[in-house]
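Let's take a walk through this model and look at how its charged side chains pair up. Have a look at the picture first.

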Amino acid sequence: MSEVKYPPESIYNILPKEESRIEKPPRYMSKFRPTVVQESKLTKDAMRTMGPAKVEMPSTDKYLKKHSKEPKPLEATECSKDAHKTCTEKKPPVPARTDNPLMGIHTKRDFIKTAAAVPKKPQPVCVDTSKGHKQPLENSGLVPKYIKKTDYGKIPTYLQQRNDEKLRAEEEYNKFVKEQKAQGALRHLSGEERLAVLENLKKDWDKLHHEYQSLPLFIETMSQKAHKVRLEEEMKQLEKDISLFERFKTIYVSKN
C-alpha cells in the first residue's frame with residue numbers, strides 16, 4: 001500500500017478564520033479635471049452632439065406649396081420695357097445742307113481695265129472619291145509631266161560615277177594580275193583545285209565547330225576562355241575564306 005501523509009489534525013482548524021482584505025490606495029484624480037471638462041463642453045460644436053441640432057421649428061403656415069421650387073421668370077419693370085428701344089451707340093449726325101463733299105481725291109487705279117479684265121480660269125481638279133473629294137490635277141499623277149523632263153529615261157549621274165569607278169578598279173586589278181603573271185609570281189587555280197580547297201576548308205570548319213560545341217557550359221578558368229576565343233577567331237577566318245572561294249570562280253595564288 002502507498003503511504004499517504006496527511007497534515008496533523010488540530011481543533012483549531014475547525015474555528016472560522018477571518019478573510020484578510022487587501023486595501024487599495026485611492027485612485028489618482030487630477031486637480032485640473034473639472035477645468036478640462038468645463039472647457040471641452042464650451043468648445044464642443046453644435047453638430048457633434050447626438051441627434052439633430054436644436055433649431056427653430058418652421059411655422060405651420062409655411063408648408064410646401066405646389067410649384068414653389070420652380071424658377072420664376074423675372075418681373076418686367078419699366079426699365080426693362082424700354083431697354084429694346086434704347087441704343088448704346090449713337091449714329092453719326094445727318095450732314096447739313098450747307099456741307100460740301102470732299103473733292104480732289106485722286107487714285108492710280110484704272111477702273112476701266114479692272115472692269116474689262118479677263119476673269120481667271122478655274123484650276124483643273126480631279127475628283128478621286130465618290131463623296132466628291134477634290135485635289136489639283138497636276139499633283140494627282142494623271143498629268144504626264146515627268147516624261148517631258150530632259151533627263152527622263154537616262155542613267156543618273158551617281159550611278160554613272162559608280163560604274164566608272166567599278167570599271168576603273170577592274171582595269172587596275174587586271175593590270176596588276178598581268179604584271180604578277182609576267183613576273184611568274186602568280187598561278188591560276190583550276191576548277192578542280194578550287195573545289196578541293198573549298199571542300200578542305202569546310203571540313204576544317206566542321207572540326208572546329210564540333211570542338212566548339214564540346215566546350216563546357218560554364219567557362220570559369222582563363223585557359224578555357226582563351227581556348228574559346230581562339231576557336232571563334234579561326235571559325236570566322238574560315239567562313240571568310242569559304243565565302244571568297246564560293247563567290248569568285250577565277251582565283252590566283254602565289255607560287256611561294
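How many salt bridges does the structure hold? There are 2 salt bridges, where the term means a side-chain nitrogen of Lys or Arg within 4 Å of a carboxyl oxygen of Asp or Glu. Keep in mind that this is a predicted model, where local features need pLDDT of at least 70 and side-chain atom pairs count only at pLDDT 80 or more, while totals for chains, interfaces and linings use all residues. Residues are numbered from 1 along each chain as its sequence is written, and side-chain values use heavy atoms, with hydrogens and water left out.

Start with K202 and E246, whose side chains meet in a salt bridge at 3.4 Å, N to O. K202 lies in helix α5 (residues 191–213) and E246 in helix α6 (residues 222–247), so this pair ties together parts that are 44 residues apart in sequence. Helices here are DSSP runs of H or I with at least four residues, numbered from the N terminus. K202 is partly exposed at 34% relative accessible area, and E246 is partly exposed too, at 41%. Partly exposed is the range between buried (under 20%) and exposed (over 50%), using a 1.4 Å probe and protein chains only.

Now stay in helix α6, where R230 and E234 sit 4 residues apart, about one turn of the helix. Their side chains meet in a salt bridge at 3.0 Å, N to O. R230 is partly exposed at 36%, and E234 is partly exposed at 31%.

Finally, find K65: its charged end sits over the ring of Y63, 5.6 Å from the ring's centre. To count, NZ of Lys or CZ of Arg must be within 6 Å of the ring centre and within 35 degrees of the ring normal.

Note on methods. Helices (H or I, at least four residues) and strands (E, at least two) are DSSP runs, numbered from the N terminus.
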